[in-house]
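Student: I have a model open and would like to learn how to read it. Could you walk me through a few features?

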Amino acid sequence: MEKPTGEGSAASGTRRSVLEVSDLKVYYATPTGDVRACDGVTFTLYEGETLGLVGESGSGKSTATSGVLQLVSPPGRIAGGSVVMDGQDMLALDEEALRRSRWRTLSLIPQGAMNSLNPTMTISAQIRDVIETHEGRASKGEMRTRVLELFRRVGLPGRIHDMYPHELSGGMKQRVCIAMAIALDPTVIVADEATSALDVVVQRVVAQTLAKVREELGVSMIMIGHDMGLMAQMVDRIAVMYAGRIVEIAPVRRMFERPAHPYSRILIESIPSLTERRPMRVLGGITHDPRHPPPGCIFQMRCEHAMDVCRSDPPPRPQEIAPDHEVHCHLWRRDANGEFVDMRDTGEAPRTGAVTAVVARDPGDSLARADGDLVGGGSAGADPEGVGDSGIEATEGASR
Amino acid sequence: MKGIPTSYLANRLVTLVLTVWIAATLIWLIPRLSPVDPADIMLGRMASGAGSVANADAILASFQARFGLDDPLWLQYLKYLKNIVVFDFGLSTASFPTEVSTLVARALPWTLGLMILSVVVTFVIGNLLGALMVWERSPKLVKVAIPAAMVFTSIPPILSGLLLMWVFAAKLRWLPLTGAYGINVEPGWNSAFVLSVLEHGILPATAIVVVTFGFWALGMRGLMITVQGEDYVQLAKAKGLKARYILYRYMIRNAILPQITAFALKIGLLIAGQVLVERIFAYNGMGKLLYDAILDQDFPVIQGVSFVIILITALSVFLVDLLYPLIDPRIRHEG
Amino acid sequence: MNEPIISRPESGTDEAVRDALPTTGAPAPGRTASGESTPGAGAPGTLSGTVAVGAVHPAGAGAGDGVPSRADARAARRHARRMRRFDNPWLDPKLLWGVGILLAIIAVGLVGRYAWDTEMVYTGSAPLKLPPVGFENLRKQPGVGEHPLGTDGAVRDMLSLIIVGAPNTLFVGLVASTIGMTVGILLGFSAGFIGGRVDDVIRVFSDVMITIPPLLILVVVQASFGDVSLTLMALLIAGFVWQSPTRLIRAQVLSMRESGYVQMARLSGASTFDIMFREMMPNLVPYLFGSFIASVTTSIVTAVGLEVLGLGPQRIPTLGRTIYEAINSGALIQNLWWWWGIPTLLLGIMFIALLLINLGLDEVSNPRLRKA
């Protein structure tokens, strides 16, 4: 499907969508009802762009992508919705067709590389088996060359070819996973918290590798994460999830400068600043029972602007308040000219005080310092594997 | 051998030697703790059986000297150890003056053959069935049938042997009742003999397999469930690898590691069970030899057989322990 | 902790559910009786009434569409009942059946002594080799009511044999395992907790003893000493049954030693004894039980093995000995199936019971094995 470009799109000209997820639902059966981990998620991924998926623990971001990848196992199940890739309805595929399309269309960089590699297989064997399964066998020499080339792309030394996973460091294992993910030149790569399990220095290296790989291959990516600072540097658009639903999708700049949904706003505001001291704002209210979501907007119980309509009607699907910027919130309505206005700007939005502010502690504290040293800005000595510096800074302290 | 850390090897060797030594000592010591001195019994029996044998006196005398039966206890012990090392267990009292080692040597191949066959078959089948019980893609029938079959594992091998014998040999007469090979068949490498051996081996082997596979299946089931939840298995599915390949290379290959350790631990029990089965089927192996010796109160044979069996067990454990690092790369590179 | 995308069957639920539940007020799933739902707790706000209240939504049924039909409600109850089994693994049917069978055998032994003339286990005045009631033997003699399970070649009553013999067999198993477990616990804890030299010695010793097949040593013992009493046999077997518990407990202790709650206990100055018994033991209970049952099985197998070989107590009726005599008297060929068959059957039942208990205990200690 083609879409005219708007402000903030990844490329000029019309954009092709490579993945369309529509009303995806993933539920888990429990003794007292289905937990709606992912409850009607809709988004589109365009060619060559990177979409970030953020949200707090339990927001359903990993579940949503496991639904897209069709890796949901009992007691979970895909309870509805559709996933269309390059025009192909993925949920309608039979088992064998699905298996054959895996990795070539959609590949995955998993969260814990520590555990994602088979301990009894060499690194090269694990990369080779996916290539051979989908492309057929090749000679030993050809395979070796191909694997070594993949290593080079991610900045891994060739000597690890015949090593076992336990002999590698965490960062190297993660990069092996990246190499594996790009092996078949997939259309979409899902990176599930690819840098979360690593320390800051290694995180940077891995993030740089990801960026480099993206550039070289032009692959579309979905990046799940909760390190907002890192997200800011790596993605084109950000989707914010709360309690199994997407509440806002916006180009990354806009999201940081002018978040539209109350939840996104809190999220952005909760990022400690490196340059100024601010009181910490904390979300009040209580979360709802995931088995019985309230009618109306799911954020109603924690929103400081909750109105009566929020409790009874779900927000109209989705409101595109600006090109490429959609939000699910009753606070945005059309005015007389058909334009969207934010009711908080017009003074119509109530305040229920569900958000509380925390007073900053005394000046002697070291909450966040503006020194460059503490947060490793700059590239002093932090380039051990020679991947190169594409301007990514380690952003410790800027994550939730 | 590549990749086996020397400290591990040394440790296993020490255990092996210790085991054999302690076993030998126990075997020597226990009869001597009984109120009746077995040495006297032995000599007495030998003497009574010596009537028809030429040179009986000389043989008896040399036996006494070899084992130092007139020497103080500690010297006897040392001589005993020295003899054990060269597999000299003395003379059988029941079949005087045959050397115990001769009798053992005759029976050993049969036991080994049956043992290797049944142990390997049990391990492979047991673990495979255990894995199939857990694999999502096993047919429903398989998943139900296996636990049902596992009920049989509750029965000790002797009893299963009895049952099988009764059903297949006594009642249905499909298979021979006893013996390692037919009476009218000439031993040797001819097809009639080999066939006969196989025919006679089926029931004993089945008896052992039927009751021991359940242990492996049960253990493997638990291990497979754990492995199934591992990240690397999920990633393998995401990679779109073929299901059977994932089963063997990602799941079984990792789940089996603790089973190999358990195997080393269970060998002792397996062999004991086998001895009993041999007895029931009058299979010409060490089991029958042992049983007859018990009946005849033939001490040297009892000791000799026991020792050899323990030696085999210890060696098997040692070999399996050596095998482990070859299969699990994580063990390989330590130390 | 964020849920990884690779959803484990259980942990997916656990995390999705755990992380997403209300942080105040509402109980966790599974502890709610079916029919209740979890209201949003009465927070300073007024939202408690708005969360859906009402019938449980079973998987697949339309959530909250109108009034659930009777069939839906029944299905929901059944579903909830099935799910509730998740909650208490100790009530698993396998466990209950297994324990029940064993208790039944013991009961038969106790009651039988009074209700039946067990002197008949030594000798009787009935004809030889009578079959059980309802069958005929080769000599066309039918079974009689005085000997409902028949007699053997020495005119001993089979029913008496079972009444006396079965509990004997269980006795050996239980005594041997109890002693073995006690030794195992002591050694295992010492090895794991004290570590160092003590650990090395214990470990090597148990490795060595595991390799030596108990049967053979016992053969040597019995051959040297002649007749043994039931208790003596149990003691001897115990000497070979402690190795597995030792290893198991040692491994568990080693892994628990470094865990948080043990460290805390140490830091707060608890004595070694306290730590071992108040902190660690409770967590070990399922493993201990499982190990115990396995030891019982092994002990009984070894005991029966000895008896079938003709060793073991000669004057005391046991199931194994009966089988031995049966084989020796050619019962197989003479078609005296009840002679060896009934003890075999009983042994089989015993082992099945032990197996069931074992399987049940497995599920207690490893929650992943419990199926929905």
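Student: Which residue stands opposite Ala191(A) in β9(A)?

Tutor: Met223(A) in β9(A) stands opposite Ala191(A). Some ground rules: this is a predicted model, where local features need pLDDT of at least 70, side-chain atom pairs count only at pLDDT 80 or more, and totals for chains, interfaces and linings use all residues. Residues are numbered from 1 along each chain as its sequence is written, while chains are lettered from A and ligands numbered from 1 in the order in which they are written.

Student: How many bridges join β8(A) to β9(A)?

Tutor: Strands pair if DSSP finds at least two bridges between them. Helices (H or I, at least four residues) and strands (E, at least two) are DSSP runs, numbered from the N terminus. Here, β8(A) and β9 (residues 220–225) of chain A run parallel, joined by five bridges. The chain gets from β8(A) to β9(A) through helix α7 (residues 200–217) of chain A, in a right-handed β-α-β crossover. Right-handed says that, with the strands pointing away from the viewer, the path from the first strand over the helix to the second runs clockwise. Strand β7 (residues 106–109) of chain A also runs parallel to β8(A), with four bridges, and Leu106(A) has Val188(A) as its bridge partner.

Student: Are the residues of β8(A) buried or exposed?

Tutor: A residue is buried if 20 or more other C-beta atoms lie within 10 Å of its own, exposed if 12 or fewer, and partly exposed in between, with C-beta atoms placed from the backbone. In β8 (residues 188–192) of chain A, five of five residues are buried. Val188(A), Val190(A) and Asp192(A) point one way, and Ile189(A) and Ala191(A) the other.

Student: What is the secondary structure of chain C?

Tutor: Chain C has twelve helices and zero strands. Of its 372 residues, 46% count as buried. Take α4 (residues 158–194) of chain C: its 37 residues reach 52 Å from first C-alpha to last, close to the expected 54 Å (1.5 Å times one less than the number of residues). Since 27 of those 37 residues are buried, α4(C) is largely enclosed by the rest of the structure. Just after α4(C), Gly195(C) takes a positive phi of about 70 degrees.

Student: How many residues does the contact take from chain C and from chain B?

Tutor: Contact here needs C-beta atoms, placed from the backbone, within 7 Å. The contact takes 39 residues from chain C and 49 from chain B. On the chain C side, α5 (196–211), α6 (214–225), α10 (272–308) and α12 (337–365) each supply at least two residues.

Notes:
Two residues are in contact if their C-beta atoms, placed from the backbone, lie within 7 Å.
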